[in-house]
Amino acid sequence: MTDINIVILDDHPIVVAGLKQLLMNEKGLNIVGSFHKGSEILSFIKENPVDLILLDITLPDSNGIELCREIKKERPGIVILMLSNRSERSIIMQSIQYGASGYLLKNASTEELLYAIKESLAGNITFCNEVKAIISKPVTYDFNEFPKLTKREKEILKMITEGKTSLMIADELSLSVLTVDTHRKNIMNKFKAKNVAELTKIVVQMDLLL
């Protein structure tokens with residue numbers, strides 16, 4: 001690895017400081033930026049050469065998974081490694097679906113991080129050992145089965161899982177109850193759920209509401 005420009009995005013300054021100290025000691029790896037907010041990195045990559053981003057999921061102004069997708073749309077050539085405390089399988093797989101080249105937990109070893117950087121820059125999908133164990137376990141739902149929801153359906157789904165009635169949702173979104181009921185029916189069909197309890201269980205298991 002030579003002359004690799006790396007950016008770190010994490011909302012914890014101590015994590016950023018630790019990663020910078022670790023990677024600065026590695027020949028050929030250049031830390032060209034470190035940020036705490038997603039908006040900052042979007043501006044940075046438009047004007048600066050970046051090869052790889054170490055990206056956290058929980059950020060003060062954005063969701064790291066959605067940010068990953070935005071970055072890949074803006075700069076498809078940038079390699080993104082997710083580095084997070086979130087260990088849910090659905091989040092890991094959704095990150096890959098949205099363009100990440102790998103996923104590591106923050107308790108990964110130095111060797112695992114450096115290996116992941118090397119592998120991802122070579123065009124491979126990579127995980128730390130703990131993540132490999134997580135994704136190898138059989139589950140009922142996989143990210144390929146995520147129903148495609150519209151923005152409005154996502155809003156209503158969240159409200160349904162919060163226990164709100166169609167009337168309450170209609171009032172809050174300035175919609176008719178009939179419109180809400182139509183969306184509700186479509187959502188139930190997409191998830192193949194028989195009732196709200198089953199729908200909520202599926203959503204929790206898939207961890208869709210990040």
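**Figure 1. Strand β1 and its pairing with β3 in the predicted model.** I6 stands opposite L52 in β3. This is a predicted model. β3 covers residues 52-55, and four bridges join β1 to this strand. The two strands run parallel.

**Figure 2. The other partner of β1 is strand β2.** β2 spans residues 29-35, and six bridges link β1 to β2. These two strands run parallel. Between the two strands the chain passes through helix α1, residues 13-24. This β-α-β crossover is right-handed.

**Figure 3. Burial of strand β1.** β1 takes in residues 4-9, and six of its six residues are buried. One side carries I4, I6 and I8. Buried here means under 20% relative accessible area. For the protein chain, 43% of the 210 residues count as buried.

Figure 4. Six strands form an open sheet in the order β2-β1-β3-β4-β5-β6. The pairing is parallel. β2 and β6 stand at the edges, each with a single partner strand, so one side of each has no neighbour in the sheet. β6 consists of residues 126-127. Its link to β5, residues 102-105, is made by two bridges. Within that pairing, Y103 has F127 in β6 as its bridge partner.

**Figure 5. Helix α1 on the sheet.** α1 lies across β1, β2, β3 and β4. β4 is residues 79-84. Relative to β2, the helix runs at about 170 degrees. An angle over 145 degrees counts as roughly antiparallel. α1 is also the helix in the crossover from β1 to β2.

**Figure 6. The crossing of helices α7 and α9.** α7 holds residues 151-161 and α9 holds residues 177-191. Their axes come within 10 Å and cross at roughly 85 degrees. The two helices are therefore roughly perpendicular to each other. From α7, the contact uses R152, E153, I156, L157 and I160. From α9, H183, R184, N186, I187, K190 and F191 take part. The residues of this contact divide into five nonpolar, two polar and four charged.

**Figure 7. Positive phi at S174.** Most residues other than glycine have a negative phi. S174 has a phi near 60 degrees, a positive value in a residue other than glycine. S174 sits in the loop between α8, residues 166-173, and α9. Its relative accessibility is 65%, so S174 counts as exposed.

**Figure 8. Positive phi at K192.** Phi of K192 is near 55 degrees, a positive value in a residue other than glycine. K192 belongs to the loop between α9 and α10, the latter being residues 196-206. With 69% relative accessibility, K192 counts as exposed.

**Figure 9. The protein chain as context for the close-ups.** The secondary structure comes to ten helices and six strands. Along its principal axes, the C-alpha trace spans about 60 × 40 × 30 Å. Consider contacts between residues at least 6 apart in sequence: 63% of them join residues at least 24 apart.

Note on methods: Residues are numbered from 1 along each chain as its sequence is written. This is a predicted model: local features need pLDDT of at least 70, side-chain atom pairs count only at pLDDT 80 or more; totals for chains, interfaces and linings use all residues. Side-chain values use heavy atoms; hydrogens and water are left out. Axes are lines fitted to C-alpha atoms, for helices over the stretch in contact, and angles run from 0 to 180 degrees between N-to-C directions. Angles under 35 degrees count as roughly parallel, over 145 as roughly antiparallel, 65 to 115 as roughly perpendicular and the rest as oblique. Contact means heavy atoms within 4.5 Å. Ala, Val, Leu, Ile, Met, Phe, Trp, Tyr, Cys and Pro count as nonpolar, Asp, Glu, Lys and Arg as charged, and the others, Gly among them, as polar. Buried means under 20% relative accessible area, exposed over 50%, partly exposed in between (1.4 Å probe, protein chains only). Two strands pair if DSSP finds at least two bridges between them. A crossover is right-handed if, with the strands pointing away from the viewer, the path from the first strand over the helix to the second runs clockwise.
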